[in-house]
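Let's take a friendly walk through this structure, looking at a loop residue and at some charged side chains that pair up.

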Amino acid sequence: MKYYSTRDDSLRLTASAAILQGISSEGGLFVPEEFPKIELSELKGLTYPALAAKILGLYLTDYSAEFLAHATETCYGTAFGEEVAKTVKVHEGLYSLELWHGPTCAFKDYALQLMPHLLVEAKRIQKDESRTLILVATSGDTGKAALEGYKNLPGIEIAVFYPESGTSETQRLQMVTQEGNNVHVYAVKGNFDDAQTGVKRVFTNKEFAAELAQKNCHLTSANSINWGRLAPQIVYYFASYLSLVAQGEIKEGEPVDFCVPTGNFGDILAGYYAKRMGLPVGRLVCASNSNRILTDFGESGVYDAAREFYKTSSPSMDILVSSNLERLLLHKSQDAQFVAKLMTSLAGEEKKYEIPEELKQSILEDFAFGACDEAACFAKLAETYKSHSYLADPHTAVALEVAATQQGSAPCVVLSTANPYKFSAAVLKALGESAEPSDMANIAALHALTGAAVPAPLAELSHKTARFGETIRPEEILRVARSL
Ligand SMILES: *Cc1c(COP(=O)(O)O)cnc(C)c1O
């Protein structure tokens, strides 16, 4: 299987080269040249690691089967406990795929546990002996999941930069107590944009790139545009479907809808790959919060990023440029030149592009779009808890609400992307309780109220000692990167 760029279809790279390079030189994202097909009968009864090795083996064809079997066992064999890709019934016809039973209690663990192993192996296959420096600007979940995934890996150094007052206390504690011999964590004065702009400036600094090259070192990021981060997410769609068949909830071959709380469009796009591979997926329902740019796009065919940005209680969905949508545009249009034009237009002064009606209709054959505001999210969170004893975090609640408003005839699986205790203050408020400034107090209060189990990685936080405490200005990120 070879990969080309969404903006240049003359390229052909192996999987390891695409993963090592991350993003194509003209700015496009790497996509596989075809969708490998697989029969459900080949997958029944496999453990999650074996399922992952089988599916990933179809895409990562220059990785050996032995490597994939070993890496998937290392990442998924025990780190998610018995709960790997656990699919539970909320009520008749509605299910929750709980993706937060991993080390950082967020769905990003599925990708960020495996991706580092894929990168280290890519370097080996490509005979790249350089040191890799990973810089991550984070508003919370990505930073912690990346630290946990890359810790102690040979040839890699990772530094995470979070806005001083822009994460929840839980998220901050998760990061500053991070263990590992190659990890670095800094608070940055300002908001997430300040941290992100500071990191981007380091990435585009030519002088620094040259310095690093001299030291046989190169920079990379951990965000979701790398193929090695997207591919592992395809697996849990298959796992969830097979689990519903095994539980007797659906008949094999019956279509199922998936409703996905969406930010960068990576998670839901993995569902599209699963569908194209042959999984009986009905509709992929894209759920947005008040930042409803994707919903507007689905309705009008115009992607318009020149709009107000809202901070919500589902911060991982507070995104105006959903990078992975570019991959869908390529697959649907089959025209890299056209996609390149759209992206130039988005990066330009107008910050928008428009697609032809025909292309929009083609997207709507597989996708539905819906959005919900804070009030509707909180109301749904409370209603789901009171009527069905199911406690969801605000991201999942957005998807539950959109799944209800966009309900079709097929059973629907909502992707539950974070454990509710990660967002205790918002969950308490949604349930009509008051929240304290301290998240540790909120976790205790939410536990007293609901009795839901507090995941061990969060329960342990209050006993852990902080290893990192430095606060820097955005301009200092370069100095810090130079010192690593
Ligand atoms: C990252 C994240 C999302 C959004 O996923 P995308 O792949 O960016 O669309 C949703 N919920 C949570 C909790 C997340 O951390």
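**An exposed glycine and some charged pairs**

Gly469 is exposed, as its relative accessible area is 71%, and exposed here means over 50%. Keep in mind as you look that this is a predicted model. You will find Gly469 in the loop between helix H20 (456–459) and strand S16 (471–472). Its C-alpha atom is separated by 9.7 Å from that of Thr177, although the two residues are 292 residues apart along the chain.

Now turn to the charged residues. Side chains of opposite charge can pair when their charged atoms come close. The count for this model comes to 25 salt bridges, and a few of them are worth a visit.

Start with Lys275, which sits in helix H11 (residues 266–276). Its side chain meets that of Asp366 in a salt bridge, 2.7 Å from N to O. This pair links distant parts of the chain, since Asp366 belongs to the loop between helix H15 (357–364) and strand S14 (367–371), 91 residues apart from Lys275. Are the two partners buried or exposed? Both Lys275 and Asp366 are buried; for Lys275, the relative accessibility is 19%. Beyond its neighbours within four places in sequence, Lys275 is also in contact with residues including Val281, Gly282 and Glu365.

Another salt bridge joins the side chains of Glu148 and Lys151, again with 2.7 Å from N to O. Here Glu148 is buried at 16% relative accessible area, whereas Lys151 is partly exposed at 29%.

Finally, Glu475 and Arg473 meet through their side chains in a salt bridge of 2.8 Å, N to O. Salt bridges with shared partners join Glu470, Arg473, Glu475, Glu476 and Arg479 into one network.

Notes
Residues numbered from 1 in each chain as written. Predicted model: local features only at pLDDT ≥ 70, side-chain atom pairs only at ≥ 80, totals over all residues. Heavy atoms only, no water. Helix = DSSP H or I, 4+ residues; strand = E, 2+ residues; numbered from the N terminus. Buried < 20%, exposed > 50% of the residue type's maximum accessible area, 1.4 Å probe, protein only. Contact = heavy atoms within 4.5 Å. Salt bridge = Lys/Arg side-chain N within 4 Å of Asp/Glu carboxyl O.
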